[in-house]
Amino acid sequence: MPLTAIANYIVSRRAQPKPERIAEVAHLGPAVVVTGGSRGIGKALAARFAQDRHTVVLVARGQEQLTKAANEIKMAHPAARIETVACDITQDGAAEHLKAAVSELGCYIDILVNNAGLGLAGVFLKHDA
């Protein structure tokens, strides 16, 4: 299946946030946060959301790759706002750091595409936390 088909499927499944959560972030704008957004499926998903003029925050460990990906998406979709946050989501406190960084951009996490990661084989309960 091509990356655009996967992206279209995921975008079509967007949930609607609860009104009480919206009230908590009324002073901020919504953003689509894509972990692993500097390449591959994450970048394709980010570009697809940008196509619909969402504010997109790309997240990955390397700022250089993030900047390159953001510039490519901006060139293809100039009406979208594209931001970057360098963050290693495997580190303790990463979720809090990411939430704070997105808030500093004047946004809240409306949609999270939790794309970064790797697969492990074997019995789940035998893996390290």
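This briefing describes the sheet, the helices around it and several individual residues.

The structure is a predicted model, in which local features need pLDDT of at least 70, side-chain atom pairs count only at pLDDT 80 or more, and totals for chains, interfaces and linings use all residues. Residues are numbered from 1 along each chain as its sequence is written, and side-chain values use heavy atoms, with hydrogens and water left out. An open sheet of four strands, paired in parallel, has the order S3-S2-S1-S4. Helices (H or I, at least four residues) and strands (E, at least two) are DSSP runs, numbered from the N terminus.

**The sheet**

- Strands of a sheet pair through backbone hydrogen bonds, either parallel or antiparallel.
- Two strands are taken as paired if DSSP finds at least two bridges between them.
- The edges are formed by strand S3 (82–86) and strand S4 (107–114), each of which pairs on one side only.
- From one strand to the next, the twist averages 30 degrees; angles run from 0 to 180 degrees between N-to-C directions, and axes are lines fitted to C-alpha atoms, for helices over the stretch in contact.
- Strand S1 (residues 29–35) runs parallel to S2 and is joined to S2 by four bridges; Val-33 has Val-57 as its bridge partner in S2.
- Seven bridges link S1 and S4, again in the parallel sense, and Val-32 stands opposite Ile-111 in S4.

- Buried means under 20% relative accessible area, exposed over 50%, and partly exposed in between (1.4 Å probe, protein chains only).
- S1 is mostly covered, with five of its seven residues buried.
- In S2, five of its five residues are buried.
- Val-56, Leu-58 and Ala-60 point one way from S2, while Val-57 and Val-59 point the other way.

**Helices on the sheet**

- Helix H4 (residues 63–76) lies across S2 and S3, and runs at about 170 degrees to S3.
- Helix H5 (residues 94–104) packs on the sheet and touches S1, S2, S3 and S4; the direction of H5 makes about 135 degrees with that of S4.
- Contact here means heavy atoms within 4.5 Å.

**Helix H1 against helix H3**

- Helix H1 (residues 3–12) and helix H3 (residues 40–51) have axes that come within 9 Å and cross at roughly 60 degrees.
- H1 is therefore oblique to H3; angles under 35 degrees count as roughly parallel, over 145 as roughly antiparallel, 65 to 115 as roughly perpendicular and the rest as oblique.
- H1 contributes Leu-3, Ala-7, Asn-8, Ile-10 and Val-11 to the contact, and H3 contributes Gly-40, Ile-41, Ala-44, Leu-45, Arg-48 and Phe-49.
- Eight of the residues in the contact of H1 with H3 are nonpolar, two are polar and one is charged.
- In this grouping Ala, Val, Leu, Ile, Met, Phe, Trp, Tyr, Cys and Pro count as nonpolar, Asp, Glu, Lys and Arg as charged, and the others, Gly among them, as polar.

**Helix H3 against helix H4**

- The axes of H3 and H4 are 10 Å apart, and the two helices pack at an angle of about 35 degrees.
- The crossing of H3 and H4 is right-handed.
- Lys-43, Ala-46, Ala-47 and Ala-50 in H3 meet Ala-69, Glu-72 and Ile-73 in H4.
- The contact of H3 with H4 holds five nonpolar residues, no polar ones and two charged ones.

**The loop between H3 and S2**

- Arg-53 is found in the loop between H3 and S2, and is exposed, with a relative accessible area of 63%.
- Phi of Arg-53 is near 65 degrees, a positive value in a residue other than glycine.
- Most residues other than glycine have a negative phi.
- Thr-55 lies in the loop between H3 and strand S2 (56–60), and counts as buried because its relative accessibility is 17%.
- Not counting residues up to four places away in sequence, Thr-55 touches Pro-30, Ala-31, Val-32, Arg-81 and Cys-107.

**Val-113 in S4**

- Val-113 lies in strand S4 and counts as buried, at 9% relative accessibility.
- Leaving aside neighbours within four places in sequence, Val-113 is in contact with Val-32, Val-33, Val-34, Thr-35, Leu-45 and Phe-49.
- Val-113 and Asp-128 are 15 residues apart in sequence and, C-alpha to C-alpha, 24 Å apart in space.

Definitions and conventions
A crossing is left-handed if the near helix is turned anticlockwise from the far one by less than a right angle, and right-handed if clockwise.
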